[in-house]
Amino acid sequence: MAEDLSVRTPHIYDLAQHYLTNSYLEAIPTGFKRLDEALGGGFCPGSIYVIGGRPGEGKSSLALSIARRMAFEHGRRVIYLSLEMTSQELIERAVCQTTHKPLEVLKEWRAAGQLGEMMAPFLALCQQASFKIEDDRGATKIDLLVLLEENRTANEPLPELIIIDHLQHQLFTEGMNRADAIANYLADLKALAKKEHLIFLVCSQLSRAVYQDKGKLQLNHLKSSGAIEEVADCVMLCQKVSLEADRLTREEQSQPTEFKILIAKHRRGPLDELTFIFHPSIYEFEEPIGSWTPKTSTVNLDADVVVI
């Protein structure tokens, strides 16, 4: 629910008393221990977080994994607004992430009439979670206000995390400079986040300049970087380390790979660089134990169904 701002006044004493008795700056865990540590505990309500990455680099998979973990493991209310992929594509990825089974295995289960049985643990998690994926709703300010009003009309609590995937597919007013449109849009998101005590996680594309800079991620690689950098509370740039994926065989592309997350802007803490393991075949991420090599992965794709 949105914070009731009527219980306090702008006077500094009242603000301090309210801070003493209310955890309205408390961070919400993302489900990734190292990311939470780097962010000071997780995502803070009233904030905008941006995940930036080139197409196919894993930004949507990372956003989905965060959404799934926050909903399934931490009981948070999540809405994923997909402006690119269909809800069926995303639920397929969520099943792969949760069961640790590649899409090919899911197809084999379906052909053998075993999919329902194998998905039972996943469905049980879904039934208990407050997690919605929508692919037929826009993400304009009006769309978001309607979404929140629908929750209120149905006497449902407001979502705590809203994911918008991705920014470059958002429609803006015709005739307006795109950079200015994005700046205005993000400013509206920020105002809404503060008013309703929401967390926005926005996916955004990086430009091709990342390749020209030999893969060294920078804030100016974000498309419309000035607008995003100015408004976002935190910007996380992500990248699979193997930049020459087009030279890899299909089998090599499905193997675990090193995945970097650069926290390039953080209004509430220091900058950082995190190393994860990305499993392309199941669209999932793993936090490595110690220094990373492919052999240190603890994910066993040959095991029975795993639900995390």
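At 16% relative accessibility, Lys 190 counts as buried, a term that stands for under 20% relative accessible area, with exposed meaning over 50% and partly exposed the range in between (1.4 Å probe, protein chains only). This is a predicted model, in which local features need pLDDT of at least 70 and side-chain atom pairs count only at pLDDT 80 or more, while totals for chains, interfaces and linings use all residues. Residues are numbered from 1 along each chain as its sequence is written, and side-chain values use heavy atoms, with hydrogens and water left out. Helices (H or I, at least four residues) and strands (E, at least two) are DSSP runs that are numbered from the N terminus.

**Salt bridges**

- A search of the whole structure finds twelve salt bridges, each being a side-chain nitrogen of Lys or Arg within 4 Å of a carboxyl oxygen of Asp or Glu.
- Lys 190 is joined by a salt bridge to Asp 233, with the closest N and O atoms 2.8 Å apart. This pair links distant parts of the chain, as Lys 190 is in helix 8 (residues 178-196) and Asp 233 is in the loop between helix 10 (225-231) and strand 6 (234-240), 43 residues apart. Asp 233 is buried, with a relative accessible area of 3%.
- Arg 77 forms a salt bridge with Glu 160, and here the closest N and O atoms are 3.8 Å apart. Arg 77 lies in the loop between helix 3 and strand 2 (78-82), and Glu 160 in the loop between helix 7 (141-153) and strand 4 (161-165), so the pair ties together parts that are 83 residues apart in sequence. Glu 160 counts as buried, at 13% relative accessibility.
- Between Glu 150 and Arg 137 there is a salt bridge whose closest N and O atoms are 2.7 Å apart. Because Glu 150 lies in helix 7 and Arg 137 in the loop between strand 3 (131-134) and helix 7, the pair ties together parts that are 13 residues apart in sequence. Glu 150 is partly exposed, with a relative accessible area of 41%, whereas Arg 137 counts as buried at 17% relative accessibility.
- A network of salt bridges links Arg 68, Arg 69 and Glu 284.

**Aromatic rings**

- The count comes to seven aromatic pairs, where rings of Phe, Tyr and Trp (its six-membered ring) pair if their centres lie within 6.5 Å, and planes under 30 degrees apart count as stacked, over 60 as edge-to-face and the rest as tilted.
- The rings of Phe 72 and Phe 122 form an edge-to-face pair, because their centres are 6.0 Å apart and their planes stand at 75 degrees. Phe 72 lies in helix 3 (residues 59-72) and Phe 122 in helix 6 (residues 115-128), so the pair ties together parts that are 50 residues apart in sequence.
- Phe 72 is buried, with a relative accessible area of 16%, and Phe 122 is buried as well, with a value of 2%.
- Ring pairs link Phe 72, Phe 122 and Phe 131 into a cluster.
- Arg 69 lies over the face of Phe 32, at 4.0 Å from the ring centre; a charge sits over a ring if NZ of Lys or CZ of Arg is within 6 Å of the ring centre and within 35 degrees of the ring normal.

**Cysteines**

- The count of disulfides comes to zero, a disulfide being a pair of cysteine sulfur atoms within 2.5 Å.
- Cys 44 is buried, with a relative accessible area of 6%, and its sulfur is 9.8 Å from the closest cysteine sulfur, in Cys 234, too far for a bond.
- Cys 238 is buried, with a relative accessible area of 1%, and its sulfur is 8.1 Å from the closest cysteine sulfur, in Cys 203, too far for a bond.
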